[in-house]
Amino acid sequence: MASLKICWISDTHLDVPSELARKTFYEKIYQSQADAIFLTGDIADGLTLTHRLKELLSYCNKNIYFVLGNHDYFHREVNSVCEEVRALCQQHIKLVWMNEVDHVLLDDNVALLGVDGWADGRYGDYENSFLSLLDSRYIADYVVALQQGRDSLLKKMQWYADQDGKLLENKLNSVTDCEKIIVLTHVPPFPQSSWHHNQPSDDNALPYFASKATGDVLRNFALQHPNIQLQVYCGHSHCYQRYQATQNLIVETADAKTGEPAISDVIFLKRGFYV
Ligand SMILES: [Fe+2]
């Protein structure tokens, strides 16, 4: 069987680059002759997301398996973005929002699944962190929560993160007969996979740049199923990192520069083995 060639792309922030820069980027993806595309979030912002997904699809005409990142909800309410993206995916079957499907079989023994994932304030030191992420200024649900105080914001962050953690657990448990599972998510699931400017995220940043909700689910599943290889692709912290959490769980975080969209990696999948 021929190998499957996949372009992994993350944190493109396609609301920022000019039309010419976007088209140059789409042309590079097209030239890669990939069979499919993985997008691990922060595709654009809430106002441009569906336009950019359609634009990318029109240039590449390949299956695009994606999760959303926090920026994809900017300037909107979370539910309104979800409804718009669901409607878009119903119109274009090659656009697959991984939150909305249990899994996709890439090979007889290789399943692809994903959840957006949200930072949950459980790593690092939320209480004493002096950072405040743009999320609490631009995601309507977070703006409202923060008006009630930082405790309310934390509860809201954890509510979204835990929803996706539970969703991830259910999806993983539906493919226990596979040899390999590829997971797409936006927020790094472990502190060790969250780096920025070539430094590990510190206690100020970790509450906003990692998700214990998805991390715990992934680690527990990996330990309970030592014969299943888990490969996670994520983004959000804009710094490449490869972290082996257990003998069968590897997390790769994409490098990214806002305004300079790029292909993070080209993945070859050959009968269940990466080369
Ligand atoms: Fe992000």
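Two strands are taken to pair if DSSP finds at least two bridges between them, and strands (E, at least two residues), like helices (H or I, at least four), are DSSP runs numbered from the N terminus. The model is predicted, so that local features need pLDDT of at least 70 and side-chain atom pairs count only at pLDDT 80 or more, whereas totals for chains, interfaces and linings use all residues. Residues are numbered from 1 along each chain as its sequence is written.

Strand E12 (residues 249-253) is paired with strand E11 (residues 241-246) in the antiparallel sense over 5 bridges, and within this pairing tyrosine 243 stands opposite valine 251 of E12. A hairpin of 2 residues leads from E11 to E12. Strand E10 (residues 229-234) runs parallel to E12 and is joined to it by 5 bridges, with glutamine 231 having isoleucine 250 of E12 as its bridge partner. E12 is mostly covered, 4 of its 5 residues being buried (20 or more other C-beta atoms within 10 Å of the residue's own, C-beta atoms being placed from the backbone).

Helix H1 (residues 19-31) packs against helix H2 (residues 49-60) at an angle of about 45 degrees, their axes, which are lines fitted to C-alpha atoms over the stretch in contact, lying 9 Å apart. The contact (C-beta atoms, placed from the backbone, within 7 Å) involves Arg22, Tyr26, Ile29 and Tyr30 of H1 together with Glu55, Leu56, Tyr59 and Cys60 of H2.

Conventions. Axes are lines fitted to C-alpha atoms, for helices over the stretch in contact, and angles run from 0 to 180 degrees between N-to-C directions. Two residues are in contact if their C-beta atoms, placed from the backbone, lie within 7 Å. A residue is buried if 20 or more other C-beta atoms lie within 10 Å of its own, exposed if 12 or fewer, and partly exposed in between; C-beta atoms are placed from the backbone.
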